Amino acid sequence: MRSWLVCIDDTDDIGTKGTGEIAEEIAHLLSDNHLSRCAFVTRHQLYVHPDIPYTSHNSAMCFQVRTAKSQNEILEIAVAHLRSESAAAADPGIALLDLQHACDREALIAFGEQAKEEVKTKAQAYALAEQLGIHLSEHGGTGQGIIGALAGLGLRLQGNDGRIKGQFNLPGLEAGEVSLSVGEVIELTGVDRVLSDCGEQLCFKTPLYLSGKVKAVYRDHQVSLLVYEEQGRWRNALKQQLKHY
């Protein structure tokens, strides 16, 4: 069994299935529906600029999978699904990294960080992938999605970037607000920890007041529920606070 990072980008169009949903489907297919604990999909926000075509937000989707399948078998499954589910107007790309493979990870992380702040080109992405021995391929349209796919690998490796796809449906949340301890939230959601916006990890007995969309972020290589303090109460992070991820 080996562990891999898979990242895809630019698969959707307005009104079609989102890239995150397609990534989740590929994760299920590769793991034979026995997902590992690391199989959650992280959404990585990239640079928004007039020179960069994107559907709505310019973000890449990455997940880890542990499997006995070979690289060719992984690609056969993932690419077939990518081709069948991507929108006709999309420019999908996929990147695949064997986590046991020795390469210059700092260079890959640097590419991801740069892609959050500047325009990168396909030529740059292909050159780096070849240098590092990482699979990178395009599967329709302009193939522009390879840039985000490679950047997403780097940002997932970096461990302090990205929101976890989806939100948590906690009992009582439908009424508007629910109060649970940190320990209860960890048990109900599977997050690794609850973290304040100042970086403090809250203890198990700390009460939380949760409402609206309860979402986690990827920080210090852990799935972290981000909270902030308001009038002595810890509340789940607001949309504006989550935008930093």
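For burial I use relative accessible area: buried means under 20%, exposed means over 50%, and partly exposed lies in between. Keep in mind that this is a predicted model.

The structure holds 10 salt bridges.

Take Arg2 and Asp98, which form a salt bridge with the closest N and O atoms 2.9 Å apart. Arg2 counts as partly exposed because its relative accessibility is 37%. Asp98 has 14%, so Asp98 counts as buried.

Next, Glu177 and Arg235. Their side chains meet in a salt bridge at 2.7 Å, N to O. Again distant parts of the chain are linked, with Glu177 in strand β7 (residues 177-181) and Arg235 in strand β12 (residues 233-236), 58 residues apart. Which of these counts as buried? Arg235 does, because its relative accessibility is 16%. Glu177 is at 39% and therefore counts as partly exposed.

The next pair is Arg193 with Asp220, closest N and O atoms 2.9 Å apart. Arg193 sits in strand β8, residues 193-196, while Asp220 is in the loop between β10 (216-219) and β11 (222-230); they are 27 residues apart. Arg193, at 5% relative accessibility, counts as buried, and Asp220, at 39%, counts as partly exposed.

Notes. Residues are numbered from 1 along each chain as its sequence is written. This is a predicted model: local features need pLDDT of at least 70, side-chain atom pairs count only at pLDDT 80 or more; totals for chains, interfaces and linings use all residues. Side-chain values use heavy atoms; hydrogens and water are left out. A salt bridge is a side-chain nitrogen of Lys or Arg within 4 Å of a carboxyl oxygen of Asp or Glu. Buried means under 20% relative accessible area, exposed over 50%, partly exposed in between (1.4 Å probe, protein chains only). Helices (H or I, at least four residues) and strands (E, at least two) are DSSP runs, numbered from the N terminus.
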